[in-house]
Amino acid sequence: MNGLLVLFDLVLLAGIVGVAWRCLASTDLFRAAVLFVTFGLLLALAWVRLEAPDIALAEAAIGAGITGALLLVTLERLRSIMAERRSGRPHTPPPDPTGPHALLRALHDPPPERRTFIPALTFALVVGALLVTTLWHQPPSMGLEPVVDAHMDASGVDHPVTAVLLNFRAYDTFLELAIVLIALLGAWSLGRHDLIPARPAPGPILPGTLRLLVPVAIVTGVYVLWAGSHAPGGAFQAGAILGAAGILLVLARPRQLPMAPGVPLRLGITAGVAVFLLVGLYGLAAGHGFLGYDRAWAYPLIILIEVAATLSIALTLVALFVAGRPAGDDA
Amino acid sequence: MNVFYLSAALFLLGTILLGLVRVLRGPGSGDRMLAAQLFGTTGVTILLLLSLALEESALMDVALVFALLAVVAAVAFVRQHGLPEPPDTPIHSQQAESAEPEEPNDDR
Amino acid sequence: MSGLAETVVHALTPGLLYPTGGATLFALGLYGLIRRHHLVLRILALNIMGSGVFMVLLGVAARGEGPPDPVAQALTLTGIVVAVSATAFALGLVVHLTRLTGHAVMLPGPPDDDAAMADTSRGEHHADGGPDAPPSDEDPPS
Amino acid sequence: MIANALTGVLLLAGLVFFAAGTAGLLRFPDVYSRLHALTKADNVGLGLVVLGLMFQASGPADILKLLLIWLLVLAAGTTAAHMVAQRTWTHGEFESDR
Amino acid sequence: MTPADAELLPAGIAGLVGLSLAVAVLATAWTRQAHRIGLLGALAVTAWVLGLSALFLNAGPDSETAATRVALGGWDAPLGLMLQLDGLSMTLLVLTAVVGLATSLYSLGYVHDRIERRQFWPLWLWLWAGLNMLLLSGDAFNLYITLEVVSLSAVALVALTGTAAAVSGAMRYLLVNILGSLSFLMGVVLLFGEHGVLDLVLLEARTEAGPAERMAAVLMTAGLMLKAALFPLHVWLAPAHGSAPAPVSAVLSGLVVTGSFYLILRLWMGVFAPLATPTFGILVGLLGVGALVWGSLQALRAGRLKSIVAYSTVAQFGYLLVAFPLMLVDPDAWRVVVFFAVVHALAKASVFLAAGTLQHAAGHDRLADLGDVLRGRPRTVFALGLAGVSLMGLPFTGGFIAKYLLLEAGLGTVLAGSVFGVLWVLAIAGGGLLAAAYVLRMVAPSFQRGRADAGEASSPWMDWVPLGLATVAALAGLAGTLTLNTLALTPGAP
């Protein structure tokens, strides 16, 4: 069993490093994108081997769903921008100073220049070698597992990772939600969204699949959220699954995005941080410290925060996929 | 029995690594996407096997999420890849014509 | 000879194997980041570096006896969310940059320092939905 | 015991389909035939594995989950295969990204 | 120390975090009123910070017990996260509040477009909240998260104008920031793997000069140097700072860069203190001399007003690097360095704000064609000059006192018998001359004969705020003793 596990680890790691290498060596960006999705899949297996099913769940939701879709839609956007420039649409900005070949670069990266090879290789090798040597000389440390274990009773939940995320280190998680929100604010500040590139997909297959998948995704999302209090799962994973379902819906009717009204959408994306902050400030006022809970109320409050966070994360991920801000936001 | 599951998982991991050749070679994007689709399925199977081999029932949920979301990248790909349509690409023009140009599939 | 065998066996535990792999990914990402020019590839390189960091963190956390460290896992989860958000924003920025300049590469060196700079406090740049819209003729309110 | 034996046989059969799918993906000449090979792994390969694992499931919830997983993969595989095939048929092979 | 003060201080610290976050969240949710929320929030946060500093000084602790630590959620380290306030973070919090308030007032006039306002204010308030949290954080991983909050919102703000130069600057800035963050995080991971804790105070107690600490120090310092644009990792700074909207440039050059520098200082005074050796100090000092020379020369060559200011940031940060070897000889020198960083932040922010007003008036910021506007707007030029004088370090300004103290520390090094001391003294003195040259370049056209034209009308905020902030920078010397005394209330300082 042990020998087999070692073999599995070795093959897996070789695969991960190999895929990453080929991904970064690709001249064709679509190939790089597919390889990156595969990289995410193998990474999820690595997290499983490191006894981190929570991370594997998140990686599955992100690697298989969100990142792949994001990369592909980005490549298509780049391609359609290039095509518009070639066809000489009005309103095109002045031509690129780097010359006629620049057009090619949208989805194709020429092999790197030879002159950077030696310095880059040396630098990367030195950094890698130093890191490996350092890591090999580290003694095993217990980490904080015993401390967390000793305080689980007071955390309000039964799953240690959730306890750390939403109770012991709730501040980090709050800021994580804030970062998701800031990324969206940044994407929105770049301008209104334009049409999502999409071509017609005739036939009953796609709508049929969606009719099956979207409800299942919603149920799974809720299940993962609920499971988070006692088993791997939680707000982010659930939000990512629901977000992926939303992305599917957007892909089903890319030309007919619902005219999202500004105010409810704003409230939706801020719900996670807002609820979290209110609970945190209440804790401060009630004497449990900022972001602290009364023990008896810890579980319901954590669930409340997680539900709001799931909603916000899902909405934000869909909005990040659509990229620019909806017209309703400027009204 | 665990050893058996683990060997099966290892075998499947090997098929993924072999299948990578198709992603690298292409030649078309469709081939690459198909290979990625196969990897998704294989990954789900590996997770199921590992959940038995490592006796970690939560991996079943991971496999479920994988199965659910494998379709997102595929749909994103087929919906979008190859845009915009260059004027002369339709090879079998009858079929292209019969396909309605705008959103025929709205399930309303 | 037995010393070597022991080292090898020691090295094959997940607690060392995965951190080594993570360090390799970190270095590989760094290499790709330096060598490649296309911004999407650079973003992928940064993501691979990030995965390397997380792999080291989880690998180190799985070293000790007993269950793995939940704090390390929580940190990794937070880190992954941060990475995804940053990636999504970065990809949006790449698209926007390509729309403005026509290429998705980071040209080496700072851009021409003396290039004309439009004053942006005047224009209604974002009011009309992005750079593709025709410039507004109105005079700014002051 | 019998359950274990059944699981073993079904798993092995499933693995054969996965192997065949991969071989087809590598060896077949064009998109259509590769697609054909691929769906065998999706449908039958995973189906057999799922069937085999059901004998080891700890309860009805697990069995349902396994079934659901299989159904979802079927749906995903079908959609992907159909749309790739349709796209290839109407517009020719996907060009690589130039 | 009265008992009431001691009880109020922790609540005040947590309250500051809560307040600045609440303002940001509110502005995000209710964008229609974002500018009003922002203005009220800026006033409230500034008042809170000033109150907190009064409370902190009133508590009158001695330097070893000065750090007030607040356990978030009631969980003490190592399990939970701690906020931490001491003299160093208090000083920089006040600096952030002053520059933040000035920037907010300026932005009332600068960002007047209805749509742009809705994008600007939430991001700016998040950036400010992020800076406050960064300065208060006492946990290695939490530092990474707050760094990300700061850098993502800063990148979005740089891109806000939507021009090709700005978006390209933002893209470069984002890549650099992510790389810096990852490098920092890898260092945190190494420390966590070695010691199993993340709290800075606990880490400090456990670190010694081992290989893991050395590697972590290299990774974290390199990451932060990238973010702080310390020479030679500075190439991204000028494009990003030079093409951002004026209030954003002011905050980036004044606060964000200073925040990264604060972290470097904090780490080397705490966790990595056992690793600091004279050779290391001299290496850093040489980098500083390089930064001074290179940045000043670029500033002398640049053709755009804001580029000059941006390159001057690279040069001025050279001083901070030069100060490292001084700190190894004279343990008290670090306070002078921080005081210098404070004065620099104030002066640099007002220069950028003044440059923004001129750019708005002229419609561009090419120095060659800026003469008319420079002659037509004496008030703004006076602000530019006043802040510039502080940057140069002419007598009676904050900059003078900071540089004087630096020189004194440098001479101390010479007297201590270090050959390099002479180089440091030369660099400090010569840097001032170079600064004088590029500051004069900026204001010189206004003394030439020619047409005077005030150009595009601007709001009174844009006229008066740069002047006000420049005055604060010039008068900062008066607060020198107070600042140095506050800084002394930092435990574990060398």
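R169(A) counts as buried, with a relative accessibility of 2%, where buried means under 20% relative accessible area, exposed over 50% and partly exposed in between (1.4 Å probe, protein chains only). The model is predicted, so local features need pLDDT of at least 70 and side-chain atom pairs count only at pLDDT 80 or more, while totals for chains, interfaces and linings use all residues. Residues are numbered from 1 along each chain as its sequence is written, chains are lettered from A and ligands numbered from 1 in the order in which they are written, and side-chain values use heavy atoms, with hydrogens and water left out.

The partner of R169(A) in a salt bridge is D172(A), with the closest N and O atoms 2.9 Å apart. A salt bridge here is a side-chain nitrogen of Lys or Arg within 4 Å of a carboxyl oxygen of Asp or Glu. D172(A) is likewise buried, at 2% relative accessibility. Over all chains, the structure holds 12 salt bridges.

R366(E) and D369(E) form a salt bridge whose closest N and O atoms are 3.2 Å apart. Here R366(E) is partly exposed, with a relative accessible area of 28%, and D369(E) is partly exposed at 45%. In another salt bridge, the side chains of R377(E) and D463(E) meet at 3.1 Å, N to O. R377(E) sits in the loop between α14 (371-376) and α15 (378-392) of chain E, and D463(E) in helix α18 (residues 460-475), so this pair ties together parts that are 86 residues apart in sequence. Helices (H or I, at least four residues) and strands (E, at least two) are DSSP runs, numbered from the N terminus. Both R377(E) and D463(E) are buried. Returning to chain A, salt bridges that share partners join R169(A), D172(A) and D139(E) into one network.

We can now turn to chains C and A. In this interface, 79 residues of chain C are in contact with 96 residues of chain A, contact meaning heavy atoms within 4.5 Å. About 7,800 Å² is buried between the two chains, and carbon and sulfur atoms give 75% of that area. Buried area is the accessible area (1.4 Å probe) that two parts lose on being put together, summed over both. On the side of chain C, Y18(C), R35(C) and R36(C) lose the most area to chain A, together 9% of what that side buries. Between chain C and chain A, the count of salt bridges is 0.
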